Amino acid sequence: MFCTSVTLCPPARPDKSVPCPVVLLSPLRQRRASGTCGPVVTVVAPREETTMYDVVIVGAGPVGLRLAGEVGLAGGSVLVLEKEPEGQSPWRSRPLGMRGLSAASIQAFARRGLLDALTGAPDTEEAPAGSRRVGHFAGIMLDGSGLDTPPYQLPSGLPGMLMTSLASVGSVLTERAVKLGVELRYDVAVDGVTQYDDHVVVRAGADEFAGRWVVGCDGGRSVVRGQAGFEFVGTAPQFTGYVMQATLADGEKLRPGFNLTPAGMYLVMHADGHVAMMDFDGGAFDRTQELTREHLQSVLRRVSETDVTVAEVRLASTFTDRAMQTTTYRNGRVLLAGDAAHIHAPLGGQGLNTGLGDAMNLGWKLAAVARGASEELVDTYTTERHPIGEWVLDWTRAQALVMKPGPNAAATQRLVRDLLLTKDGTSYVYSKLSGLAFQYEVGDHPFAGRNAPDFEFGDGTRLADLTQDGEPLLLDFTGDLTPPGGRIRYVAAHPLDDLGLKAVLIRPDGVIVWADDPSTLDAAIGRWF
(Lines give C-alpha, C1' and ligand atoms only; values in the text may rest on other atoms or scores of the structure.)
Protein backbone atom coordinates (compact mmCIF):
# COMPACT_ATOMS: atom_id res chain seq x y z
CA MET A 1 0.00 0.00 0.00
CA PHE A 2 1.48 3.33 -1.09
CA CYS A 3 0.88 6.77 0.28
CA THR A 4 0.01 9.73 -1.90
CA SER A 5 3.00 11.63 -3.29
CA VAL A 6 3.30 15.35 -2.62
CA THR A 7 2.61 17.66 -5.56
CA LEU A 8 3.40 21.33 -5.23
CA CYS A 9 2.11 22.56 -8.58
CA PRO A 10 -1.22 22.47 -10.47
CA PRO A 11 -1.63 19.84 -13.18
CA ALA A 12 -1.69 22.43 -15.95
CA ARG A 13 1.31 24.74 -16.36
CA PRO A 14 0.85 28.20 -17.82
CA ASP A 15 4.28 27.96 -19.41
CA LYS A 16 4.87 24.46 -20.74
CA SER A 17 8.41 25.28 -21.78
CA VAL A 18 9.41 25.24 -18.10
CA PRO A 19 9.11 21.87 -16.31
CA CYS A 20 6.88 22.03 -13.25
CA PRO A 21 8.74 21.41 -9.96
CA VAL A 22 7.33 18.89 -7.51
CA VAL A 23 8.47 17.25 -4.32
CA LEU A 24 8.38 13.46 -4.22
CA LEU A 25 8.74 11.30 -1.14
CA SER A 26 9.27 7.56 -1.14
CA PRO A 27 6.38 5.57 0.41
CA LEU A 28 8.52 4.63 3.42
CA ARG A 29 9.57 8.22 4.16
CA GLN A 30 5.97 9.38 3.76
CA ARG A 31 4.73 6.87 6.30
CA ARG A 32 7.47 7.73 8.79
CA ALA A 33 6.95 11.45 8.35
CA SER A 34 3.18 11.40 8.71
CA GLY A 35 2.65 8.39 10.95
CA THR A 36 -0.10 7.20 8.61
CA CYS A 37 -0.70 5.91 5.15
CA GLY A 38 -3.02 8.80 4.34
CA PRO A 39 -2.11 11.69 2.03
CA VAL A 40 0.95 13.72 2.96
CA VAL A 41 0.43 17.44 2.55
CA THR A 42 3.25 19.42 4.08
CA VAL A 43 6.29 17.16 4.55
CA VAL A 44 9.24 18.27 2.43
CA ALA A 45 12.56 16.48 2.06
CA PRO A 46 14.97 18.89 0.36
CA ARG A 47 17.39 16.25 -0.89
CA GLU A 48 14.56 14.47 -2.71
CA GLU A 49 13.27 17.54 -4.49
CA THR A 50 13.19 16.93 -8.21
CA THR A 51 11.72 18.11 -11.48
CA MET A 52 8.58 16.53 -12.90
CA TYR A 53 9.00 15.91 -16.62
CA ASP A 54 6.23 15.04 -19.00
CA VAL A 55 8.30 12.08 -20.22
CA VAL A 56 11.45 10.42 -18.89
CA ILE A 57 13.15 8.23 -21.50
CA VAL A 58 15.68 5.61 -20.47
CA GLY A 59 18.15 5.02 -23.29
CA ALA A 60 19.75 7.51 -25.69
CA GLY A 61 20.03 5.27 -28.73
CA PRO A 62 18.28 6.19 -31.99
CA VAL A 63 14.89 5.03 -30.68
CA GLY A 64 15.07 7.03 -27.46
CA LEU A 65 16.37 10.12 -29.25
CA ARG A 66 13.72 9.88 -31.97
CA LEU A 67 11.03 9.65 -29.30
CA ALA A 68 12.50 12.55 -27.35
CA GLY A 69 12.49 14.73 -30.44
CA GLU A 70 8.85 13.99 -31.22
CA VAL A 71 7.68 14.81 -27.69
CA GLY A 72 9.90 17.88 -27.57
CA LEU A 73 8.61 19.11 -30.93
CA ALA A 74 5.09 19.15 -29.51
CA GLY A 75 6.19 21.19 -26.49
CA GLY A 76 6.57 18.41 -23.93
CA SER A 77 9.32 18.43 -21.30
CA VAL A 78 11.67 15.47 -21.76
CA LEU A 79 14.58 13.95 -19.86
CA VAL A 80 16.72 11.25 -21.47
CA LEU A 81 18.94 9.07 -19.26
CA GLU A 82 21.75 7.03 -20.83
CA LYS A 83 23.93 4.58 -18.92
CA GLU A 84 26.91 4.92 -21.27
CA PRO A 85 29.24 7.93 -21.11
CA GLU A 86 28.89 10.52 -23.81
CA GLY A 87 31.10 9.89 -26.82
CA GLN A 88 31.59 7.61 -29.78
CA SER A 89 31.69 3.83 -29.61
CA PRO A 90 33.30 1.64 -32.29
CA TRP A 91 30.13 -0.48 -32.19
CA ARG A 92 28.12 2.48 -33.48
CA SER A 93 30.50 3.55 -36.23
CA ARG A 94 31.64 2.02 -39.51
CA PRO A 95 31.84 -0.88 -40.20
CA LEU A 96 30.05 -2.75 -37.40
CA GLY A 97 27.61 0.05 -36.68
CA MET A 98 26.27 0.28 -40.24
CA ARG A 99 22.52 -0.20 -40.68
CA GLY A 100 20.01 0.14 -43.50
CA LEU A 101 17.16 2.64 -43.24
CA SER A 102 13.90 1.60 -44.88
CA ALA A 103 11.76 3.79 -47.13
CA ALA A 104 9.34 4.47 -44.27
CA SER A 105 12.18 5.54 -41.95
CA ILE A 106 13.62 7.80 -44.66
CA GLN A 107 10.23 9.43 -45.13
CA ALA A 108 9.98 10.03 -41.39
CA PHE A 109 13.35 11.83 -41.39
CA ALA A 110 12.31 13.91 -44.39
CA ARG A 111 9.03 14.90 -42.76
CA ARG A 112 10.91 16.51 -39.89
CA GLY A 113 13.53 18.21 -42.05
CA LEU A 114 16.31 15.87 -40.90
CA LEU A 115 17.10 13.96 -44.08
CA ASP A 116 19.65 16.40 -45.50
CA ALA A 117 21.69 16.24 -42.29
CA LEU A 118 21.62 12.45 -42.38
CA THR A 119 22.53 12.10 -46.05
CA GLY A 120 25.37 14.55 -45.46
CA ALA A 121 26.89 12.44 -42.69
CA PRO A 122 30.24 10.85 -43.59
CA ASP A 123 29.04 7.28 -42.95
CA THR A 124 25.88 7.53 -45.06
CA GLU A 125 25.69 5.77 -48.41
CA GLU A 126 22.73 6.94 -50.46
CA ALA A 127 20.91 4.80 -52.99
CA PRO A 128 19.57 6.67 -56.04
CA ALA A 129 16.22 8.44 -55.66
CA GLY A 130 13.34 6.10 -56.40
CA SER A 131 15.53 2.99 -56.42
CA ARG A 132 14.24 -0.24 -54.89
CA ARG A 133 17.25 -1.59 -53.07
CA VAL A 134 15.77 -4.63 -51.36
CA GLY A 135 18.62 -6.25 -49.46
CA HIS A 136 18.34 -9.93 -48.62
CA PHE A 137 16.12 -12.63 -47.23
CA ALA A 138 17.96 -15.43 -45.43
CA GLY A 139 21.17 -14.44 -47.17
CA ILE A 140 19.52 -14.53 -50.61
CA MET A 141 20.39 -11.20 -52.23
CA LEU A 142 17.50 -9.54 -54.08
CA ASP A 143 17.63 -6.95 -56.86
CA GLY A 144 14.77 -4.49 -56.72
CA SER A 145 15.46 -2.66 -59.98
CA GLY A 146 12.36 -2.44 -62.14
CA LEU A 147 9.90 -3.07 -59.32
CA ASP A 148 6.56 -1.28 -59.34
CA THR A 149 5.67 1.35 -56.75
CA PRO A 150 4.00 -0.32 -53.75
CA PRO A 151 0.18 -0.08 -53.65
CA TYR A 152 -1.27 3.09 -52.13
CA GLN A 153 2.03 4.92 -52.62
CA LEU A 154 3.50 7.32 -55.19
CA PRO A 155 6.91 7.42 -56.85
CA SER A 156 9.10 9.34 -54.44
CA GLY A 157 11.84 11.87 -54.87
CA LEU A 158 13.46 10.47 -51.74
CA PRO A 159 16.34 8.00 -51.65
CA GLY A 160 15.22 4.42 -52.10
CA MET A 161 17.40 3.30 -49.19
CA LEU A 162 20.18 4.61 -46.98
CA MET A 163 23.07 2.75 -45.46
CA THR A 164 24.28 4.72 -42.49
CA SER A 165 25.78 4.22 -39.06
CA LEU A 166 24.15 4.26 -35.66
CA ALA A 167 26.57 7.05 -34.79
CA SER A 168 25.34 9.22 -37.67
CA VAL A 169 21.69 8.62 -36.84
CA GLY A 170 22.40 9.34 -33.19
CA SER A 171 24.27 12.55 -33.97
CA VAL A 172 21.43 13.95 -36.12
CA LEU A 173 18.77 13.04 -33.57
CA THR A 174 20.82 14.34 -30.63
CA GLU A 175 21.29 17.74 -32.25
CA ARG A 176 17.59 17.87 -32.98
CA ALA A 177 16.60 16.92 -29.44
CA VAL A 178 18.90 19.51 -27.85
CA LYS A 179 17.49 22.26 -30.08
CA LEU A 180 14.01 21.32 -28.91
CA GLY A 181 14.96 21.65 -25.25
CA VAL A 182 15.33 17.98 -24.41
CA GLU A 183 17.60 17.36 -21.42
CA LEU A 184 20.15 14.56 -21.92
CA ARG A 185 22.17 13.01 -19.10
CA TYR A 186 24.89 10.46 -19.78
CA ASP A 187 26.62 7.98 -17.49
CA VAL A 188 23.37 7.49 -15.55
CA ALA A 189 22.54 3.81 -15.04
CA VAL A 190 18.90 3.34 -14.08
CA ASP A 191 18.39 0.53 -11.57
CA GLY A 192 14.83 1.03 -10.29
CA VAL A 193 11.35 2.04 -11.41
CA THR A 194 8.42 2.83 -9.08
CA GLN A 195 4.94 3.71 -10.30
CA TYR A 196 2.43 6.00 -8.59
CA ASP A 197 -1.07 7.02 -9.64
CA ASP A 198 -0.02 10.07 -11.62
CA HIS A 199 3.73 9.70 -12.19
CA VAL A 200 6.70 7.34 -12.21
CA VAL A 201 10.03 7.62 -10.37
CA VAL A 202 13.17 6.08 -11.84
CA ARG A 203 16.26 5.60 -9.69
CA ALA A 204 19.90 5.59 -10.61
CA GLY A 205 21.86 4.88 -7.47
CA ALA A 206 21.03 7.64 -5.01
CA ASP A 207 19.46 9.84 -7.69
CA GLU A 208 15.75 9.94 -8.51
CA PHE A 209 14.01 11.31 -11.60
CA ALA A 210 10.26 11.75 -12.00
CA GLY A 211 8.04 11.80 -15.05
CA ARG A 212 4.36 11.61 -15.78
CA TRP A 213 5.36 8.87 -18.20
CA VAL A 214 8.47 6.72 -18.46
CA VAL A 215 9.53 4.97 -21.65
CA GLY A 216 12.14 2.22 -21.68
CA CYS A 217 14.28 2.47 -24.81
CA ASP A 218 17.16 0.71 -23.08
CA GLY A 219 17.67 -2.25 -25.38
CA GLY A 220 17.26 -5.99 -25.34
CA ARG A 221 18.36 -6.33 -21.71
CA SER A 222 16.03 -3.54 -20.62
CA VAL A 223 16.14 -2.65 -16.94
CA VAL A 224 12.88 -0.75 -17.29
CA ARG A 225 11.14 -3.81 -18.72
CA GLY A 226 12.20 -5.97 -15.78
CA GLN A 227 11.56 -3.35 -13.09
CA ALA A 228 8.10 -2.52 -14.41
CA GLY A 229 7.04 -6.17 -14.54
CA PHE A 230 6.41 -6.66 -18.26
CA GLU A 231 5.85 -10.23 -19.43
CA PHE A 232 8.48 -11.13 -22.06
CA VAL A 233 7.68 -14.22 -24.12
CA GLY A 234 8.95 -15.88 -27.28
CA THR A 235 11.04 -18.66 -28.78
CA ALA A 236 14.47 -20.11 -28.04
CA PRO A 237 17.42 -19.53 -30.38
CA GLN A 238 18.49 -21.78 -33.23
CA PHE A 239 21.95 -20.31 -33.71
CA THR A 240 24.75 -18.25 -32.22
CA GLY A 241 25.76 -15.34 -34.41
CA TYR A 242 29.18 -13.73 -34.37
CA VAL A 243 30.26 -10.38 -35.72
CA MET A 244 33.83 -9.16 -35.74
CA GLN A 245 36.22 -6.68 -37.23
CA ALA A 246 39.24 -8.75 -38.01
CA THR A 247 42.26 -9.24 -40.23
CA LEU A 248 42.31 -12.49 -42.19
CA ALA A 249 45.71 -13.85 -43.19
CA ASP A 250 44.24 -15.53 -46.25
CA GLY A 251 40.91 -13.84 -46.82
CA GLU A 252 40.88 -14.85 -50.46
CA LYS A 253 39.69 -18.27 -49.30
CA LEU A 254 36.32 -16.73 -48.42
CA ARG A 255 33.80 -15.48 -50.96
CA PRO A 256 32.65 -11.88 -50.34
CA GLY A 257 29.08 -11.13 -49.36
CA PHE A 258 26.48 -13.54 -47.94
CA ASN A 259 27.27 -17.22 -48.24
CA LEU A 260 24.97 -20.06 -47.21
CA THR A 261 26.86 -23.29 -46.56
CA PRO A 262 25.95 -26.81 -45.41
CA ALA A 263 27.20 -25.75 -41.96
CA GLY A 264 25.60 -22.32 -41.58
CA MET A 265 26.20 -18.88 -43.05
CA TYR A 266 29.02 -16.37 -43.22
CA LEU A 267 29.32 -12.82 -44.47
CA VAL A 268 32.56 -11.13 -45.47
CA MET A 269 33.17 -7.53 -46.47
CA HIS A 270 36.89 -7.55 -47.26
CA ALA A 271 37.30 -3.78 -47.59
CA ASP A 272 36.64 -3.01 -43.92
CA GLY A 273 37.37 -6.35 -42.25
CA HIS A 274 33.73 -7.01 -41.36
CA VAL A 275 33.06 -10.71 -40.81
CA ALA A 276 29.84 -12.29 -39.55
CA MET A 277 28.94 -15.95 -38.95
CA MET A 278 25.91 -17.99 -37.94
CA ASP A 279 26.61 -21.26 -36.18
CA PHE A 280 23.47 -23.36 -35.70
CA ASP A 281 24.36 -24.64 -32.24
CA GLY A 282 21.01 -23.85 -30.61
CA GLY A 283 22.43 -20.62 -29.22
CA ALA A 284 24.73 -22.62 -26.96
CA PHE A 285 27.63 -20.19 -26.74
CA ASP A 286 27.58 -18.46 -23.37
CA ARG A 287 27.98 -14.70 -23.76
CA THR A 288 29.86 -14.61 -20.48
CA GLN A 289 32.66 -16.62 -22.07
CA GLU A 290 35.69 -14.85 -23.45
CA LEU A 291 35.57 -14.39 -27.22
CA THR A 292 39.06 -15.54 -28.17
CA ARG A 293 40.67 -15.38 -31.60
CA GLU A 294 40.98 -19.15 -31.50
CA HIS A 295 37.26 -19.68 -30.89
CA LEU A 296 36.27 -17.24 -33.63
CA GLN A 297 38.66 -18.89 -36.06
CA SER A 298 37.29 -22.32 -35.20
CA VAL A 299 33.70 -21.23 -35.86
CA LEU A 300 34.63 -19.46 -39.10
CA ARG A 301 36.46 -22.52 -40.39
CA ARG A 302 33.56 -24.80 -39.52
CA VAL A 303 30.90 -22.59 -41.04
CA SER A 304 32.86 -21.66 -44.17
CA GLU A 305 34.32 -25.17 -44.61
CA THR A 306 37.77 -23.69 -45.23
CA ASP A 307 41.03 -23.52 -43.28
CA VAL A 308 41.05 -19.70 -43.24
CA THR A 309 43.23 -18.05 -40.60
CA VAL A 310 42.10 -15.18 -38.40
CA ALA A 311 45.29 -13.20 -37.80
CA GLU A 312 43.89 -10.42 -35.58
CA VAL A 313 40.57 -9.53 -33.95
CA ARG A 314 39.93 -5.89 -33.14
CA LEU A 315 36.27 -6.10 -32.11
CA ALA A 316 33.95 -9.05 -31.64
CA SER A 317 30.54 -9.82 -30.20
CA THR A 318 27.83 -12.46 -30.33
CA PHE A 319 24.06 -12.54 -30.79
CA THR A 320 21.33 -15.15 -31.22
CA ASP A 321 18.02 -15.45 -33.03
CA ARG A 322 16.09 -15.60 -29.77
CA ALA A 323 12.76 -13.97 -30.69
CA MET A 324 10.84 -12.41 -27.80
CA GLN A 325 8.27 -9.68 -27.29
CA THR A 326 6.42 -8.17 -24.37
CA THR A 327 2.73 -9.04 -24.28
CA THR A 328 1.88 -5.33 -24.09
CA TYR A 329 3.87 -2.16 -24.67
CA ARG A 330 2.20 -0.33 -21.79
CA ASN A 331 2.06 -1.17 -18.09
CA GLY A 332 0.43 1.71 -16.24
CA ARG A 333 2.54 4.80 -16.91
CA VAL A 334 5.53 2.84 -18.18
CA LEU A 335 5.94 2.07 -21.87
CA LEU A 336 8.55 0.27 -23.96
CA ALA A 337 9.91 0.90 -27.45
CA GLY A 338 12.52 -0.66 -29.71
CA ASP A 339 14.56 -3.62 -28.48
CA ALA A 340 13.20 -3.14 -24.97
CA ALA A 341 9.83 -4.32 -26.35
CA HIS A 342 10.98 -6.89 -28.91
CA ILE A 343 14.23 -8.73 -29.69
CA HIS A 344 15.10 -10.89 -32.67
CA ALA A 345 17.98 -11.82 -34.94
CA PRO A 346 19.45 -8.98 -37.03
CA LEU A 347 18.28 -10.49 -40.33
CA GLY A 348 17.10 -7.96 -42.88
CA GLY A 349 17.86 -4.86 -40.82
CA GLN A 350 14.41 -4.61 -39.23
CA GLY A 351 15.46 -3.85 -35.64
CA LEU A 352 16.40 -0.19 -36.09
CA ASN A 353 13.52 0.56 -38.46
CA THR A 354 10.93 -1.08 -36.22
CA GLY A 355 12.21 0.85 -33.21
CA LEU A 356 12.12 4.16 -35.08
CA GLY A 357 8.55 3.34 -36.12
CA ASP A 358 7.67 2.69 -32.48
CA ALA A 359 9.05 6.10 -31.51
CA MET A 360 7.21 7.97 -34.27
CA ASN A 361 3.94 6.29 -33.32
CA LEU A 362 4.28 6.94 -29.59
CA GLY A 363 5.87 10.39 -29.46
CA TRP A 364 2.99 12.56 -30.66
CA LYS A 365 0.52 10.57 -28.55
CA LEU A 366 2.44 11.16 -25.31
CA ALA A 367 2.76 14.84 -26.17
CA ALA A 368 -0.98 15.08 -26.84
CA VAL A 369 -1.80 13.46 -23.50
CA ALA A 370 0.55 15.91 -21.79
CA ARG A 371 -1.57 18.68 -23.36
CA GLY A 372 -4.75 17.17 -21.96
CA ALA A 373 -5.84 14.45 -24.42
CA SER A 374 -7.34 11.24 -23.06
CA GLU A 375 -4.90 8.57 -21.92
CA GLU A 376 -6.82 6.15 -24.14
CA LEU A 377 -4.76 7.62 -26.99
CA VAL A 378 -1.65 5.99 -25.48
CA ASP A 379 -3.38 2.59 -25.57
CA THR A 380 -3.48 2.77 -29.37
CA TYR A 381 0.32 2.50 -29.30
CA THR A 382 0.20 -1.16 -28.29
CA THR A 383 -2.80 -1.83 -30.52
CA GLU A 384 -0.97 -0.50 -33.58
CA ARG A 385 2.65 -1.39 -32.98
CA HIS A 386 2.47 -4.80 -31.25
CA PRO A 387 1.34 -6.56 -34.46
CA ILE A 388 4.26 -4.97 -36.34
CA GLY A 389 6.73 -6.28 -33.77
CA GLU A 390 5.08 -9.70 -33.92
CA TRP A 391 5.47 -9.72 -37.71
CA VAL A 392 9.17 -8.82 -37.45
CA LEU A 393 9.78 -11.73 -35.09
CA ASP A 394 8.09 -14.14 -37.51
CA TRP A 395 10.05 -12.65 -40.43
CA THR A 396 13.36 -13.42 -38.72
CA ARG A 397 12.18 -16.86 -37.57
CA ALA A 398 11.36 -17.77 -41.16
CA GLN A 399 14.82 -16.72 -42.32
CA ALA A 400 16.51 -18.77 -39.62
CA LEU A 401 14.52 -21.81 -40.72
CA VAL A 402 15.55 -21.34 -44.36
CA MET A 403 19.23 -21.01 -43.41
CA LYS A 404 19.28 -23.91 -40.94
CA PRO A 405 21.56 -26.72 -42.11
CA GLY A 406 20.10 -30.18 -42.60
CA PRO A 407 19.48 -32.88 -45.19
CA ASN A 408 16.66 -30.85 -46.84
CA ALA A 409 18.26 -27.43 -46.46
CA ALA A 410 19.71 -27.10 -49.97
CA ALA A 411 16.40 -28.04 -51.61
CA THR A 412 14.48 -25.59 -49.42
CA GLN A 413 16.93 -22.79 -50.16
CA ARG A 414 16.77 -23.39 -53.92
CA LEU A 415 12.97 -23.29 -53.89
CA VAL A 416 12.82 -20.12 -51.80
CA ARG A 417 15.47 -18.48 -53.98
CA ASP A 418 13.53 -19.29 -57.16
CA LEU A 419 10.33 -17.84 -55.70
CA LEU A 420 11.91 -14.68 -54.32
CA LEU A 421 13.82 -13.89 -57.50
CA THR A 422 10.57 -13.53 -59.43
CA LYS A 423 9.21 -9.99 -59.77
CA ASP A 424 6.25 -10.83 -57.53
CA GLY A 425 8.50 -12.44 -54.93
CA THR A 426 10.95 -9.57 -54.82
CA SER A 427 8.10 -7.05 -54.75
CA TYR A 428 6.61 -8.85 -51.77
CA VAL A 429 9.88 -8.73 -49.83
CA TYR A 430 10.45 -5.06 -50.72
CA SER A 431 6.93 -4.05 -49.69
CA LYS A 432 7.51 -5.64 -46.29
CA LEU A 433 11.04 -4.37 -45.69
CA SER A 434 10.21 -0.86 -46.90
CA GLY A 435 7.65 -0.45 -44.13
CA LEU A 436 5.17 0.93 -46.67
CA ALA A 437 2.87 -2.10 -46.78
CA PHE A 438 1.67 -1.97 -43.18
CA GLN A 439 -1.80 -0.71 -42.35
CA TYR A 440 -3.14 0.11 -38.90
CA GLU A 441 -6.81 -0.61 -38.19
CA VAL A 442 -8.05 2.96 -37.86
CA GLY A 443 -10.91 3.10 -40.39
CA ASP A 444 -12.68 1.49 -43.33
CA HIS A 445 -11.24 3.56 -46.17
CA PRO A 446 -8.56 1.69 -48.16
CA PHE A 447 -6.02 4.43 -47.37
CA ALA A 448 -6.88 4.67 -43.66
CA GLY A 449 -4.05 3.43 -41.46
CA ARG A 450 -1.45 3.63 -44.20
CA ASN A 451 1.65 5.78 -44.43
CA ALA A 452 0.68 8.87 -46.45
CA PRO A 453 1.96 8.89 -50.04
CA ASP A 454 4.64 11.40 -50.98
CA PHE A 455 2.23 13.88 -52.57
CA GLU A 456 3.80 16.53 -54.80
CA PHE A 457 2.10 19.81 -55.71
CA GLY A 458 2.37 22.09 -58.71
CA ASP A 459 4.74 24.55 -57.06
CA GLY A 460 7.22 21.79 -56.19
CA THR A 461 6.06 21.46 -52.59
CA ARG A 462 5.96 17.90 -51.30
CA LEU A 463 4.16 16.39 -48.34
CA ALA A 464 7.36 16.50 -46.26
CA ASP A 465 7.44 20.29 -46.58
CA LEU A 466 4.05 20.50 -44.85
CA THR A 467 4.84 18.29 -41.87
CA GLN A 468 7.91 19.93 -40.35
CA ASP A 469 6.00 21.23 -37.30
CA GLY A 470 4.68 17.80 -36.34
CA GLU A 471 1.05 18.93 -36.23
CA PRO A 472 -1.95 17.08 -37.70
CA LEU A 473 -2.51 17.95 -41.38
CA LEU A 474 -5.75 18.13 -43.35
CA LEU A 475 -5.08 18.07 -47.10
CA ASP A 476 -8.09 19.24 -49.10
CA PHE A 477 -7.66 18.45 -52.80
CA THR A 478 -11.01 20.02 -53.79
CA GLY A 479 -11.10 23.12 -51.60
CA ASP A 480 -14.61 22.22 -50.45
CA LEU A 481 -13.92 21.53 -46.78
CA THR A 482 -14.16 24.01 -43.92
CA PRO A 483 -10.83 24.54 -42.13
CA PRO A 484 -11.17 22.80 -38.74
CA GLY A 485 -9.04 25.26 -36.79
CA GLY A 486 -7.17 24.46 -33.60
CA ARG A 487 -3.84 22.66 -33.97
CA ILE A 488 -4.80 21.03 -37.26
CA ARG A 489 -3.03 22.52 -40.24
CA TYR A 490 -5.31 22.97 -43.26
CA VAL A 491 -3.92 23.03 -46.80
CA ALA A 492 -6.17 23.32 -49.86
CA ALA A 493 -4.23 22.36 -52.97
CA HIS A 494 -4.39 19.74 -55.67
CA PRO A 495 -1.42 17.36 -56.03
CA LEU A 496 -0.01 16.26 -59.35
CA ASP A 497 -1.43 12.80 -58.62
CA ASP A 498 -4.22 12.50 -56.07
CA LEU A 499 -4.54 8.68 -56.37
CA GLY A 500 -8.30 9.18 -56.64
CA LEU A 501 -8.54 10.89 -53.25
CA LYS A 502 -10.47 14.08 -52.46
CA ALA A 503 -9.01 14.82 -49.01
CA VAL A 504 -6.96 13.14 -46.29
CA LEU A 505 -6.36 13.75 -42.59
CA ILE A 506 -2.80 12.85 -41.59
CA ARG A 507 -1.52 12.26 -38.06
CA PRO A 508 1.82 13.71 -36.92
CA ASP A 509 3.45 10.29 -37.53
CA GLY A 510 2.45 10.42 -41.21
CA VAL A 511 -0.47 7.97 -40.99
CA ILE A 512 -3.75 8.69 -42.78
CA VAL A 513 -6.69 8.38 -40.36
CA TRP A 514 -9.49 9.74 -42.53
CA ALA A 515 -10.23 10.23 -46.23
CA ASP A 516 -12.92 11.69 -48.50
CA ASP A 517 -16.19 11.47 -46.51
CA PRO A 518 -17.04 14.92 -45.04
CA SER A 519 -19.75 13.43 -42.81
CA THR A 520 -17.15 11.51 -40.77
CA LEU A 521 -14.42 14.16 -40.60
CA ASP A 522 -15.51 15.66 -37.28
CA ALA A 523 -15.61 12.20 -35.68
CA ALA A 524 -12.07 11.46 -36.90
CA ILE A 525 -10.81 14.78 -35.56
CA GLY A 526 -12.49 14.14 -32.23
CA ARG A 527 -11.06 10.65 -31.96
CA TRP A 528 -7.46 11.51 -32.73
CA PHE A 529 -6.98 15.19 -31.96
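This dialogue walks through a few features of a predicted model.

User: Start with the overall build. How many helices and strands does the chain have?

Analyst: The chain has twelve helices and 26 strands. Of its 529 residues, 55% are buried. The accessible surface comes to about 22500 Å², and 52% of that belongs to carbon and sulfur atoms.

User: What share of the contacts with a separation of 6 or more comes from residues 24 or more positions apart?

Analyst: The share is 71%. Pro-150 sits in the loop between strand S7 (140-142) and strand S8 (162-165).

User: Is Pro-150 buried or exposed?

Analyst: Buried means under 20% relative accessible area. Pro-150 has 10%, so it is buried.

User: Now charges. Which residues form the positive surface patch?

Analyst: A patch residue needs over 30% relative accessible area and no salt bridge. Here Lys-83, Arg-221, Arg-287 and Arg-322 form the patch. Arg-322 has a relative accessible area of 34%, so it is partly exposed. Its place is the loop between strand S18 (310-320) and strand S19 (323-326).

User: What about Arg-111: which side chain of opposite charge is nearest?

Analyst: Asp-454, 5.4 Å away. A salt bridge needs the charged atoms within 4 Å. Arg-111 is buried yet has no salt bridge. Arg-111 lies in the loop between helix H3 (103-110) and helix H4 (115-119).

User: Which residues is Arg-111 in contact with, leaving aside neighbours within four places in sequence?

Analyst: Among them are Asn-451, Ala-452, Pro-453, Leu-463, Thr-467 and Gly-510.

Methods:
Residues numbered from 1 in each chain as written. Predicted model: local features only at pLDDT ≥ 70, side-chain atom pairs only at ≥ 80, totals over all residues. Heavy atoms only, no water. Patch = residues over 30% accessible without salt bridge, like charges linked within 9 Å, V, L, I, M, F, W, Y side chains within 5 Å. Areas by Shrake-Rupley, 256 points an atom, 1.4 Å probe, with all protein chains shown as cover. Lys, Arg positive; Asp, Glu negative; His and termini not counted. Charge placed at Lys NZ, Arg CZ, Asp CG, Glu CD. Helix = DSSP H or I, 4+ residues; strand = E, 2+ residues; numbered from the N terminus. Buried < 20%, exposed > 50% of the residue type's maximum accessible area, 1.4 Å probe, protein only. Contact = heavy atoms within 4.5 Å.
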